[in-house]
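Keep the sequence and the 3D view side by side. The walk below takes a few local features one by one.

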Amino acid sequence: MFDSSMFHSLTHQIYRHPYRFYLVLFTLALVFYLAFDYWIVDLEARDERGRTSLYLAAEQGEVTEVRRLLDKGVEVDARDNCSWTPLMRAAQNGHLVVVQELLQAGADINAKDKDGYHALTAVVITNQVAMLDYLLEQGIALDIQDDERGWTALMWAANEGRREMVEILLANGADRTVQSVDGKTALDLAEEHQHVKIAKRLRE
């Protein structure tokens, strides 16, 4: 039983050695926090769209949270309901440091979603020039074709009139002769949308 003498003894010890009391409190708080973080919170839980905590942090460019979750060993390529990975979403949104962290943690740079789109496609569509340069430096596949249209990143750049991206892709060896599902090349797409300067470059 915890009687009054024990209580008085405890309060006396706290009075004489307050730092020990605060150290014990801090230790207990730390243990509780770690237990909550590891065992109570499911770091791999998914929302209605299949997105994990890492996916959401990568999507928003929250570098500190991405690092924290990676340090805890969460799945780096956890896919959402459309098979997008955290890296694909971070690249699409131009979060360069997040992409670097994910690649260092072993993320698949050439991961594709359920329709065959991958990070390079997403980067071209959203006009993320710095990200395009970085992914190419890291060796991302240049001429992957999506499953729906059979378009490559170069085709998307030509279609959207992304002249700078066309130049970057060609400089890195993109194949301008690849044909889409309906037999069109990057040049055909540029001409269809009257991107004259891009079409001229693709004829060279």
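This is a predicted model. Start just after helix H3, at Gly61. Its phi is positive, about 75 degrees.

Now step back into H3 itself, which covers residues 53-60. Which of its residues are buried? They are Leu54, Tyr55, Ala57, Ala58 and Glu59. Glu59 is a charged residue by class, yet it sits on this buried list.

Next, look at the loop that joins helix H2 (18-40) to H3. Arg51 is found there. Is Arg51 buried or exposed? Its relative accessible area is 13%. The cut-off for buried is under 20%, so Arg51 counts as buried. The side chain of Arg51 has a polar partner: a polar contact links it to the side chain of Asp47, at 2.8 Å. Leaving aside residues up to four places away in sequence, Arg51 also touches Ala45, Arg46, Leu56, Glu59 and Asp80.

Take Ser83 first. Its phi is positive, at about 70 degrees, although Ser83 is not a glycine. Ser83 is placed in the loop between H4 and H5. With 22% relative accessibility, Ser83 counts as partly exposed.

Then go to Gln194. Its phi is near 60 degrees, again positive in a residue other than glycine. Gln194 belongs to the loop between helix H11 (186-192) and H12. Here the relative accessibility is 66%. Exposed means over 50%, so Gln194 counts as exposed.

Finish with a helix pair. H10 spans residues 163-171, and H12 spans residues 196-203. Their axes come within 10 Å and cross at roughly 15 degrees. Angles under 35 degrees count as roughly parallel, and H10 and H12 are therefore roughly parallel to each other. The crossing is right-handed. Which residues make the contact? From H10 come Arg163, Val166, Glu167 and Leu170. From H12 come Lys197, Ile198, Arg201 and Leu202. By class, the residues of this contact divide into four nonpolar and four charged, with no polar ones.

Technical notes:
Residues are numbered from 1 along each chain as its sequence is written. This is a predicted model: local features need pLDDT of at least 70, side-chain atom pairs count only at pLDDT 80 or more; totals for chains, interfaces and linings use all residues. Side-chain values use heavy atoms; hydrogens and water are left out. Buried means under 20% relative accessible area, exposed over 50%, partly exposed in between (1.4 Å probe, protein chains only). Helices (H or I, at least four residues) and strands (E, at least two) are DSSP runs, numbered from the N terminus. Axes are lines fitted to C-alpha atoms, for helices over the stretch in contact, and angles run from 0 to 180 degrees between N-to-C directions. Angles under 35 degrees count as roughly parallel, over 145 as roughly antiparallel, 65 to 115 as roughly perpendicular and the rest as oblique. A crossing is left-handed if the near helix is turned anticlockwise from the far one by less than a right angle, and right-handed if clockwise. Contact means heavy atoms within 4.5 Å. A polar contact is a pair of N or O atoms within 3.5 Å; within protein, one must be able to donate a hydrogen and the other to accept it, and residues adjacent in sequence count only if both atoms are side-chain atoms.
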